[in-house]
Amino acid sequence: MTEHKVATLSSLRENKGMRVLSGGEEIALFKINDHVYAISNFCPHQHIPKLHDAVSDGTVITCPMHGWSFDLSTGNAVAGSGKLRMFPVRVSNGDVFVDLNDDAL
Ligand code: FES
């Protein structure tokens, strides 16, 4: 396990992505219904690092580049194909930690 503190909970806006760089990874964080998700910022489609700008509708996010959609709760594609690279998240005392060594799915 290699946990990195990547943000504070108060810095995340509900339903908005946030780009962070940590441990050599480019990560998109989302806070949806008070749950924090951490995914690789690189879209499974053309590997463009824009998922932090995705629009969310509940747990489904849509990449701004070509409209592929993914469910943050499963990582699976809803429109398009492929799967998100997801990281385990732990929130403690208002800080957000991400385990960069262990893909959740
Ligand atoms: S790069 Fe995300 S949909 Fe094409």
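Mentor: This is a predicted model.

Now the strand, β3, which covers residues 25-32. Eight of its eight residues are buried, so β3 is largely enclosed by the rest of the structure. Buried here means under 20% relative accessible area. In a regular strand the side chains alternate between the two faces of the sheet. In β3, Glu25, Ile27, Leu29 and Lys31 point one way, while Glu26, Ala28, Phe30 and Ile32 point the other way. Both sets are buried, the glutamates and the lysine included.

Next, the partners of β3. Strand β2, residues 17-22, runs antiparallel to β3 and is joined to it by six bridges. Within this pairing, valine 20 has isoleucine 27 of β3 as its bridge partner. The hairpin of β2 and β3 has two residues between the strands, and glycine 23 there takes a positive phi near 55 degrees.

β3 also pairs with strand β4, residues 35-40, in the antiparallel sense and over six bridges. Here lysine 31 stands opposite valine 36 of β4. The hairpin of β3 and β4 likewise has two residues between the strands, and in this hairpin asparagine 33 takes a positive phi near 50 degrees.

To put it together, β3 is bridged antiparallel to β2 and to β4, and its eight residues are buried.

Notes: Residues are numbered from 1 along each chain as its sequence is written. This is a predicted model: local features need pLDDT of at least 70, side-chain atom pairs count only at pLDDT 80 or more; totals for chains, interfaces and linings use all residues. Side-chain values use heavy atoms; hydrogens and water are left out. Buried means under 20% relative accessible area, exposed over 50%, partly exposed in between (1.4 Å probe, protein chains only). Helices (H or I, at least four residues) and strands (E, at least two) are DSSP runs, numbered from the N terminus. Two strands pair if DSSP finds at least two bridges between them.
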